[in-house]
Amino acid sequence: NSCLAAIFQHLGQAKNVEMKSAKYHQLKQEYMSWQRSLEFFKQENVLLKYRLSEMVDDAENTINLQAAEHFQNEFLRIDDMLEGLTKSMLQLSLIPNPSEESVATLEAHGIMREKIHAMEKKCVTLALEFNKKMLPATIS
């Protein structure tokens, strides 16, 4: 009986480690996805700033300088946001191994998930707004 109980206890522990390992793998995959997303939006922001500078430099272009200044400021805010998230990601980069997983780690991961989502939404919304407002200025 004690031998059978020991086997069941061992199987229960193995199942628990397997579940923690799956959760650890999920956290790592999500983290790597965030890294790719941050890199993409950094490149996208550089491209948008370049397009804006081309519009401002084009003598034939009659863009609204107030709108151009607004977008320049927004792009700089995005740069700051991306830099802050990159630094926060460095702190999260060492997800503890599954046996050391903690509630604090999961909470920090959840907070980062929300911050990344907000950043993605902000970047996409700003790019859309830029294209809607600035494209007509280049067509006229």
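Good morning. I begin with helix α2, which covers residues 65-92 of this predicted model. Helix α2 has 28 residues, and from its first C-alpha to its last it reaches 40 Å, close to the 40 Å expected at 1.5 Å a residue.

What caps the N-terminal end of α2? Asparagine 64 does so, with a side-chain oxygen 2.8 Å from the backbone nitrogen of glutamine 66.

Which residues of α2 are buried? They are Ala67, Ala68, Phe71, Glu74, Phe75, Ile78, Leu82, Leu85, Ser88, Met89 and Leu92. As you look at the numbering of that list, please keep one general point in mind. An α-helix has 3.6 residues a turn, so residues three or four places apart point the same way.

Let us now turn to the whole chain. The protein chain has 3 helices and 0 strands, and its elements run α-α-α from the N terminus on. Of its 140 residues, 28% count as buried. The chain exposes about 9,600 Å², of which carbon and sulfur atoms supply 58%. Among contacts with a separation of 6 or more, 86% are accounted for by residues 24 or more positions apart.

The largest nonpolar core holds 25 residues, and Met119, Phe130 and Met134 touch the most other members. Each of α1 (2-57), α2 and α3 (103-139) supplies at least two residues of this core. Helix α2 gives the most, with 9 residues.

Finally, consider phenylalanine 130. Setting aside neighbours within four places in sequence, phenylalanine 130 is in contact with Leu48, Arg51, Leu52, Met55, Phe71, Phe75 and Leu135. Two of these, Phe71 and Phe75, were among the buried residues of α2. Thank you for your attention.

Methods:
Residues are numbered from 1 along each chain as its sequence is written. This is a predicted model: local features need pLDDT of at least 70, side-chain atom pairs count only at pLDDT 80 or more; totals for chains, interfaces and linings use all residues. Side-chain values use heavy atoms; hydrogens and water are left out. Helices (H or I, at least four residues) and strands (E, at least two) are DSSP runs, numbered from the N terminus. The expected span of a helix is 1.5 Å times one less than its number of residues. Buried means under 20% relative accessible area, exposed over 50%, partly exposed in between (1.4 Å probe, protein chains only). A polar contact is a pair of N or O atoms within 3.5 Å; within protein, one must be able to donate a hydrogen and the other to accept it, and residues adjacent in sequence count only if both atoms are side-chain atoms. Contact means heavy atoms within 4.5 Å. Accessible areas come from the Shrake-Rupley method with a 1.4 Å probe; for residues, only the protein chains shown count as cover. A nonpolar core is a set of buried Ala, Val, Leu, Ile, Met, Phe, Trp, Tyr and Cys residues joined through side-chain atoms within 4.5 Å.
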